[in-house]
Every structure is written in C-alpha cells, then in structure tokens.
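Hi,

Here is the structure I said I would pass on. Have a look at it first, and my notes come after.

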Amino acid sequence: MSHASRTAPRICPLCEATCGLTLTIEGATVTGARGDRDDIFSRGFICPKGASFGGLDADPDRLRVPLVRWEDGELREASWDEAFDRIAARIPALVEAHGPQAVGVVLGNPNVHTMAGSLYPPLLLAALRTRNVFTASTLDQMPKHVSSGLLFGDANAIPVPDLDRTDHLLLIGANPLESNGSLCTAPDFPGRLRALRRRGGTLTVIDPRRTRTARLADRHVPIRPGADALLLAAMAHVLLEEKLTDPGVLAEYLEGADELAVALADFTPDAVAAACDVDAATITALARELAAAPTAAVYGRIGSCTVEHGTLASWLVDVLNILTGNLDRPGGALFPLSATARAPRAAAPGKGFALGRWASRVSGHPEAKGELPTAALAEEIETPGEGRIRALVVLAANPVLSAPDGDRLDAALAGHLDFMVSVDPYLNETSRHADVVLPPPPPSQSAHFDFAFNSFAVHNQVRYTRAPIPLEDGRMDESEIHARLILAVSGMHGAPPSAVDDLAIATAITKAGAPKELAGELTGRSGPERRLDLMLRLGPYGLTLEQLLAHPHGIDLGPLKPRVPEILRTRSGRIELLPAPIAADLPRLRRALGDRPAPLVLVGRRHLRSNNSWMHNVVSLSGGSNVCTLQVHPDDAARLGLVDGATVRIESAGGGIEAPAEITDTVRSGVVSLPHGWGHSRPGTRMAVAAAHPGANVNQLLDGTLLDPLSGTAVLNAIPVTVTPSP
C-alpha cells in the first residue's frame with residue numbers, strides 16, 4: 001500500500017545546535033530529512049546527525065512497550081498499567097521504610113533535548129524530596145555553572161560569544177566544527193566561524209589536538225592538556241600588569257578588581273610557560289591581541305571544564321572577557337534572553353550562589369547547584385549504612401558508560417539496589433539493570449521546544465514544532481510517562497496525569513504573582529503545551545503558543561543585547577570578580593606551577609556523527625570517522641613500538657582497556673586521544689549496531705577519585721596513562 005509523501009517542519013533534537021529540519025514523511029515513516037531553508041535560526045544548515053533523523057526514529061532496537069522484571073528475574077514486555085503499578089508498589093514503600101534519601105535520581109544528557117525531559121524532572125525531585133541527585137553536568141559543564149553562580153549570583157547566567165558580530169574569537173578546549181557547539185547554541189557554527197574570517201576577524205584555538213576547528217584558525221596553540229587555567233591566569237596577569245584592562249561600562253558593577261590583581265600576581269607568562277608547554281611570548285601575544293581587538297570573546301568548553309582546575313578555567317574565561325570590556329557588549333560575550341525566561345527584574349542584590357549546602361554521605365563531596373558528583377554514585381549505592389541509595393530512578397542516562405569506573409557502577413546496580421526504574425528508549429548498559437523500563441516514543445511522535453538551549457542561543461529566537469506523526473498504538477507520550485511516574489512515586493498513583501500539569505501551572509501562576517484566571521486562558525492540546533503557553537505569556541516578550549504555531553519556522557527576537565545589571569543576583573548586586581571559593585582554590589593552581597606531567601596523558605575527542613553514548617545504534621552514523629581509535633603522535637608511536645591499526649593496551653588508575661591505534665600528527669606528542677561514550681560490549685543489551693562496533697569505554701581508565709573540588713566534576717582529560725602494544 002502506498003502513502004502520499006508530505007513534508008513537515010521539525011527542530012532537530014540530536015545536538016545543541018537545534019537546527020530546523022524539513023522531514024519527508026510517507027504514512028507514519030520519516031523517509032528523509034533536510035535543512036529547513038526557512039528556519040529563522042539555522043537557515044537550511046544540517047549536519048550528518050540531522051540527516052540521519054529517519055534512521056534514528058525508526059531504529060528497530062528502540063523499545064516500544066514497557067519492560068518489567070518478573071519473579072524469575074527476567075525483563076519481559078508488560079502493559080503500561082503493570083509498569084506503573086510496580087513502581088507505585090515499590091518506591092513509596094522504600095521511602096516510608098528508609099526515608100527520602102534512599103532514592104537516587106540520575107539525569108542524562110538527552111533530557112535537555114526533549115520537552116518532557118526539561119519540564120518534569122524538577123517536579124519528580126520535589127515529589128521524592130531526595131538530595132541524591134546526579135546528572136551529566138558533573139561529567140561536563142558544571143564548572144561553568146559554578147563559576148557563573150559565583151561571579152553573577154546565578155548559575156544559569158552563562159554568557160555566550162556573539163559569533164556573528166565579534167572581531168576576535170578565542171576558543172579553548174572547544175571543537176565546534178565537530179561538536180556543533182555546546183553552552184553556545186549556534187546552528188552552522190562552521191559557517192559562522194568562516195564568516196568571522198571573511199569579515200577580517202581573527203580566530204584563535206587553544207587545544208592539544210589539531211582539530212578541524214584548529215585547522216580553520218589563524219593561530220593554533222597546542223597547549224599541554226590540563227593547563228588551561230594556568231594559561232588563562234597568565235593572560236589575565238598580562239592585562240593587569242601592562243594596564244591593558246578596560247571594563248568600560250561594567251566598571252561600576254565590578255567588585256574585587258584590586259584583589260584580583262594580587263591573587264594573580266604569581267601567574268606570569270614566564271612562570272606558567274613550562275607547565276603549559278606554551279612559550280611566554282605566545283602567552284603575552286594572546287593577551288595583547290585580545291585587548292587590542294575592537295571586540296572579542298573568549299569561549300571555553302568541555303576540554304577546559306573536565307580537568308583538575310575546571311572551575312578556575314571557566315571563571316578565568318569570564319575574567320578575561322570582563323577585563324577587556326567584552327562582557328555584555330555586542331561583539332563580545334552576552335547573556336541570551338529566551339522567550340520562556342523570567343521577565344527581567346529591576347537590578348538589585350539577590351540571594352547569591354552557595355556551594356556545599358550539603359554533602360554526599362560516603363566521601364563528603366559538597367553539592368553544587370543541588371547535585372552531587374556522578375562519580376560518587378556507585379559508592380552511595382554499595383556502601384552500607386543509613387541513607388544508602390536503595391532505589392534509583394534513571395532518566396535518559398547511561399552512567400555505566402559515561403561515568404568513571406563503569407565496572408564498579410555496573411556491579412553496584414546489579415547487586416546492591418532494591419529497585420530501579422529507567423526512562424529510556426533502549427535497553428542499554430545501564431537500563432538493562434532496571435526493574436521497570438519505560439520507553440518514550442521516537443522524536444517524530446513528540447513535540448519539541450528547546451527550553452534549555454534557547455538560553456544559550458547566539459541570537460534570540462523562539463521555535464516550536466508539534467509532533468509530525470501521531471502516536472503509534474501502544475506508545476505513550478513522554479510527558480505522560482513522566483507525569484505518571486511522578487504520581488506513582490508520590491502516593492498519587494491512579495490520579496490523571498493532567499493533575500501534574502495543573503499543579504505546575506497553578507504553582508507558576510502564584511509564584512509569578514499573576515491572576516489565577518490566567519490558567520483558564522491558556523491554550524494547547526496537552527499539559528506541556530499549556531505550560532509552554534504560560535511560560536511564553538509570563539516571559540520577557542509576552543508571546544503566546546498561538547503565535548508560535550502561526551510561525552512554524554520560528555520568530556526572530558533580535559540580536560543579543562547587554563543585560564547587566566539585571567542578570568546580577570549576587571548578594572552585593574555586583575559582579576564579584578574574586579569570590580571566596582575561587583580565592584581559596586587558587587593556591588591549588590599555584591602549586592600546579594611546579595608540576596610536570598606524566599610522559600603520556602589522555603584526552604577525549606568529539607565526533608561529528610556522534611553524541612556521547614546514545615547515538616551509536618544508528619547505521620548511517622556508524623563507521624567512517626566515527627570510530628573508537630586511540631590517536632597517537634608518530635613520535636610517541638615510534639618510542640612505544642606502536643603500529644597503525646594494531647590493537648594497543650591503555651592503562652591508568654581505574655583499569656585497562658584496548659583499542660586500535662591511529663597514528664596521526666593531529667595530536668601533539670605526549671598526548672593520546674580516545675573518544676567518549678563507547679564500550680557497548682556488555683551482555684544483556686538490545687543495541688545490535690552498537691554491539692557490532694562496541695569500541696572501548698575510556699571512562700574505565702578512571703577510578704572516580706579525581707574531581708574538580710569546586711564543582712564535583714570528574715576529571716576526564718589530562719589523565720596519566722601508559723600505552724603498550726597488545727600481546
């Protein structure tokens with residue numbers, strides 16, 4: 001039977017670029033995807049991930065109905081009612097017997113790529129009342145949240161580079177030509193960088209690898225991994241010592257400028273050069289070029305976050321933008337204003353940002369932004385005592401692969417939990433341990449709005465797309481899955497899922513001081529649409545859901561604009577240049593001046609056709625450049641007796657793994673590189689494509705003990721390793 005072909009707009013949910021797609025649909029099947037030329041943000045750009053939308057959407061390994069572990073220990077298909085009945089019978093009873101801290105929650109990266117994953121987890125956490133919260137942030141960007149919280153009083157006030165208007169862009173630890181950008185939502189990041197070059201601007205890339213982004217740059221600085229904060233501190237020192245600072249209009253909002261100069265006095269270019277393996281003249285030139293540019297922006301990402309001094313590096317990125325007068329001005333780094341953000345408030349002192357309001361039970365790790373280090377999850381499950389995690393709710397996360405020492409966590413999940421729930425489309429390395437697996441529908445059957453990524457967009461805009469394909473029989477909408485999960489764990493099992501959205505709406509209206517009658521004016525076919533309509537109406541632009549539906553390719557809300565002092569929520573009401581936790585951590589960085597690294601250290605890398613562990617089961621994205629190889633410089637290969645393509649053994653504190661060697665001069669000597677998210681070799685999963693090309697789990701090299709102390713972020717880069725030919 002043939003079906004007439006049609007097209008439908010859809011925002012791509014597969015990375016942070018949020019490109020607009022035009023899907024070709026036949027019946028209930030996506031048969032093609034191309035860039036939406038009418039999209040007001042992406043203008044037709046598409047990457048291989050977006051082009052693979054149909055393949056991911058129709059992946060035969062995606063679960064279609066719940067799985068429940070029965071008395072014989074086997075996971076088998078069950079009805080939705082059976083699945084939620086099981087959850088309602090187990091989790092409330094465990095909480096009653098052992099208290100709310102007996103439940104842990106793990107939130108994975110894919111949550112921020114769906115509406116439900118953005119709207120419902122806060123309600124789940126409120127219902128459970130647990131402090132045992134672990135997310136992908138402590139494996140990625142938490143240092144940026146912490147530094148922003150300390151500087152500006154708001155952990156989510158993260159400035160982004162004004163890519164389309166800057167004259168000088170300095171990237172450190174970022175490879176947006178392959179990652180498509182992160183904490184900087186910019187469709188066609190490659191095109192925007194090329195446009196910078198065409199208009200006479202300068203691109204500088206600091207990275208131990210000669211990435212595709214580095215090859216595009218005017219200047220590539222192959223820094224020694226892990227030394228990012230030292231180099232940035234030396235650049236700030238040059239600006240201060242040579243009186244090249246000019247904060248401009250921000251000067252009246254700064255606090256701690258004099259103390260900053262004293263705190264950075266020891267970090268001269270000469271002092272840091274050996275530790276960075278970057279000569280003092282180059283460091284000085286980087287600082288002077290930044291100060292001399294008409295406009296400039298410094299942007300740091302995961303390579304500078306997932307290191308021992310990740311929070312200090314993130315702080316120093318903004319310090320450089322502040323000292324050069326480029327923070328909060330066009331062409332510099334600005335704070336986006338999304339359509340669902342809180343309406344701007346008058347500038348005034350706020351509550352500030354605090355670290356360590358509580359600590360983890362076993363190792364005493366301080367919380368950051370309400371989260372504990374994901375690296376500590378295993379010990380919180382396996383260590384006996386009051387407050388031990390006995391039940392786990394895992395939302396779109398695969399920490400067995402993404403967190404350090406997956407073998408230990410794997411064993412903890414298998415042998416120490418009383419109950420586990422996973423919301424996941426796949427039976428993967430983590431969800432295979434669950435007692436209940438709740439599978440959301442494929443992207444084509446889900447509406448899409450980017451709550452998180454619009455807050456990091458390089459241009460203010462808003463777009464919403466409804467599900468282009470109706471829910472398949474037997475499927476449940478992801479928002480209903482989350483709502484029923486909340487009801488099941490909170491003792492309200494059996495109540496209509498709409499009750500969760502109604503409560504959220506009523507609470508938001510009360511918190512905003514809006515009239516209660518507003519609830520009756522909201523439009524939308526579902527609870528999430530009504531909640532979106534409310535957020536738009538209460539937001540800074542006063543939009544409505546109906547307006548978004550009338551503009552399927554988006555509404556342009558204009559370029560980024562200066563927002564200081566309105567964004568400041570510090571207790572002083574000012575930008576606090578040298579917060580106490582930062583000042584207390586600087587001696588640790590000072591001690592690193594005398595450190596000399598191991599002969600060989602490991603860094604990660606991004607692949608354009610991958611996104612962590614959750615896209616390795618798509619046939620069209622496997623193979624080619626998307627392979628799990630250990631990149632080794634020719635000099636190191638010759639010294640170690642390694643042969644291109646041959647299997648090598650990599651060992652570090654957490655254990656050992658094997659991978660094929662790829663000998664290339666794109667990685668500097670003394671450094672090897674292995675991508676993140678691989679290791680699909682464990683039994684009991686149902687991901688045939690991934691299992692056929694399993695790769696090696698780089699995080700198994702880590703024992704989880706090395707963290708950035710301020711943010712609790714696992715140190716995933718600059719790890720000492722040994723590499724030998726495999727026997």
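Below is what I found, going from the whole chain down to single residues.

First, keep in mind that this is a predicted model. The protein has 26 helices and 29 strands. Its C-alpha trace spans about 70 × 65 × 60 Å along the principal axes. For 727 residues, a compact globule would have a radius of gyration near 27 Å, and the protein comes out at 25 Å, so the two agree. Of those 727 residues, 60% count as buried. If you take contacts between residues at least 6 apart in sequence, 73% of them join residues at least 24 apart.

Now the inside. The largest nonpolar core has 63 residues, and the members that touch the most others are Leu 230, Leu 231, Leu 232, Met 235, Trp 315 and Ile 575. Several elements each supply at least two residues to this core, including helix H6 (142-152), strand E9 (168-172), helix H13 (280-292) and helix H24 (580-591). The largest share, 10 residues, comes from H10. Apart from this core lies another one, of 47 residues, with Ile 91, Ala 488, Val 500 and Leu 543 among them. As background, nonpolar side chains tend to be buried together in soluble globular proteins.

Beyond its neighbours within four places in sequence, Met 235 is in contact with Leu 170, Ile 283, Leu 286, Ala 287, Leu 290 and Leu 320. Some of those names come back in H13, where the buried residues are Ala 280, Thr 282, Ile 283, Thr 284, Leu 286, Ala 287 and Leu 290. In general, an α-helix has 3.6 residues a turn, so residues three or four places apart point the same way. The length of H13 checks out too: its 13 residues should span 18 Å at 1.5 Å a residue, and because the end C-alpha atoms are 18 Å apart, that agrees. At its N-terminal end, H13 is capped by Asp 279, with a side-chain oxygen 3.2 Å from the backbone nitrogen of Ala 281.

Then there is helix H19 (residues 478-489), which is mostly covered: 11 of its 12 residues are buried. From first C-alpha to last, H19 reaches 17 Å, close to the 16 Å expected at 1.5 Å a residue. After H19 comes Gly 491, with a positive phi near 80 degrees.

Over in strand E17 (residues 436-438) you will find Val 437. Is Val 437 buried or exposed? Its relative accessibility is 0%, so Val 437 counts as buried. Setting aside residues up to four places away in sequence, Val 437 touches Leu 63, Pro 66, Leu 67, Ser 422, Asp 424, Leu 427 and Ser 431. Tyr 426 sits 11 residues from Val 437 in sequence, with 8.8 Å between their C-alpha atoms.

Last, the sheet. Seven strands form an open, mixed sheet in the order E28-E21-E25-E22-E24-E23-E29. The edges are strand E28 (719-720) and strand E29 (722-725), each pairing on one side only. E28 pairs with strand E21 (residues 601-603) in the antiparallel sense over 2 bridges. One to look up there is Leu 602, whose bridge partner in E28 is Ile 719.

Cheers

Technical notes. Residues are numbered from 1 along each chain as its sequence is written. Side-chain values use heavy atoms; hydrogens and water are left out. A nonpolar core is a set of buried Ala, Val, Leu, Ile, Met, Phe, Trp, Tyr and Cys residues joined through side-chain atoms within 4.5 Å. Buried means under 20% relative accessible area, exposed over 50%, partly exposed in between (1.4 Å probe, protein chains only). Helices (H or I, at least four residues) and strands (E, at least two) are DSSP runs, numbered from the N terminus. Contact means heavy atoms within 4.5 Å. The expected span of a helix is 1.5 Å times one less than its number of residues. A polar contact is a pair of N or O atoms within 3.5 Å; within protein, one must be able to donate a hydrogen and the other to accept it, and residues adjacent in sequence count only if both atoms are side-chain atoms. Two strands pair if DSSP finds at least two bridges between them. The radius of gyration is taken over C-alpha atoms; the globule rule is 2.2 Å times the number of residues to the power 0.38.
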